[in-house]
Amino acid sequence: KQVYDLGCRHFALLFDDIDPQFSCSLDQKRFPSLAKAQVHVSNHIYKIFSSDCYFMFCPTEYCASRAYPTLEDSNYLQTIGNELCQAFDVLWTGEKVVPETITAQHIKSVRKILKRKPLIWENLHANDYDPRRVFLGPYFGRDLELVDEIAGVLSNPNNQFELNYIPLLSLSIWYQCAMQKQEYDIKKVCRTCIEK
């Protein structure tokens, strides 16, 4: 409410990288599962601020490798898909936290479970987990067909602002190629980035 009163209209409810079990016995008594608790809180917040706000939701199981026991059999993800208000965009990183590839087929499977197009939380160039490394290469390993299967791409770039020129420019070229049904040629993309 305080942030809303200051003018913020975009909110992300981030339940990533937390203990997948309740740490409070009161929560455990009130809610049958972690997913039910997260959905309850999120839907309640949405009801209060829904009139003019945009909401994102990051599940605790935000990639296939974190889904328990599997992506297809995760009660947690099924609850999120079935009960989270449809107005929420749900963040998803792919098969892993930092996947080498994201295929349209994988995202189609995720869509069935989440009952909506996921919003890709792109960690390809992220270095917040190891700031001694930087990732300078172009955006790659993502099917162009993803554009039809996702709600969008939210880039999590290098911590060092200036080092994100090629990653972000190449992401925009990837998107343009996907929208215009053109080939995404990595060599051509690299030349374009260097020339600009």
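Visitor: In which loop is the place of Pro69?
Guide: This is a predicted model, and in it the peptide bond from Tyr68 to Pro69 is cis, with omega near -5 degrees. Most peptide bonds are trans. As for its position, Pro69 has its place in the loop between β2 (54-58) and α4.

Visitor: What is the phi of Asp17, which is not a glycine?
Guide: Asp17 belongs to the loop between β1 (10-14) and α2 (25-30). Most residues other than glycine have a negative phi. Asp17, although not a glycine, has a positive phi of about 55 degrees.

Visitor: Are α3 and α4 roughly parallel or roughly antiparallel to each other?
Guide: The axes of helix α3 (residues 34-49) and helix α4 (residues 75-83) come within 8 Å and cross at roughly 25 degrees. Angles under 35 degrees count as roughly parallel, and therefore the relation of α3 to α4 is roughly parallel.

Visitor: Which residues of α4 make the contact with α3?
Guide: In passing α4, α3 forms a right-handed crossing. On the side of α3, the contact is made by Leu34, Ala35, Lys36, Gln38, Val39 and Asn43, and the residues of the contact as a whole comprise five nonpolar, three polar and two charged. From α4, the residues are Tyr76, Thr79, Ile80 and Glu83.

Visitor: Which residues lie nearest the centre of the largest pocket?
Guide: The largest pocket, whose volume is about 350 Å³, has a lining to which α3 and α4 each supply at least two residues. By class, that lining has nine nonpolar, six polar and two charged residues. Of the 17 residues that line the largest pocket, those nearest its centre are Pro20, Gln21, Ser33, Leu34 and Tyr76.

Visitor: How is α6 placed relative to α7, roughly perpendicular or oblique?
Guide: Two packed helices are described by the angle between their axes and the distance between the axes. Helix α6 (residues 165-179) and helix α7 (residues 186-195) have axes 10 Å apart and pack at an angle of about 125 degrees. The placement of α6 relative to α7 is therefore oblique.

Definitions and conventions:
Residues are numbered from 1 along each chain as its sequence is written. This is a predicted model: local features need pLDDT of at least 70, side-chain atom pairs count only at pLDDT 80 or more; totals for chains, interfaces and linings use all residues. Side-chain values use heavy atoms; hydrogens and water are left out. Axes are lines fitted to C-alpha atoms, for helices over the stretch in contact, and angles run from 0 to 180 degrees between N-to-C directions. Helices (H or I, at least four residues) and strands (E, at least two) are DSSP runs, numbered from the N terminus. Angles under 35 degrees count as roughly parallel, over 145 as roughly antiparallel, 65 to 115 as roughly perpendicular and the rest as oblique. A crossing is left-handed if the near helix is turned anticlockwise from the far one by less than a right angle, and right-handed if clockwise. Contact means heavy atoms within 4.5 Å. Ala, Val, Leu, Ile, Met, Phe, Trp, Tyr, Cys and Pro count as nonpolar, Asp, Glu, Lys and Arg as charged, and the others, Gly among them, as polar. On a 1 Å grid over the protein atoms alone, a cavity is a set of points where a 1.4 Å probe fits but cannot get out, and a pocket is an open set with protein on both sides within 12 Å along at least five of seven lines; lining residues have an atom within 4 Å of a point. Grid points are joined across faces, edges and corners, and a volume is the space filled by probe spheres set on the points.
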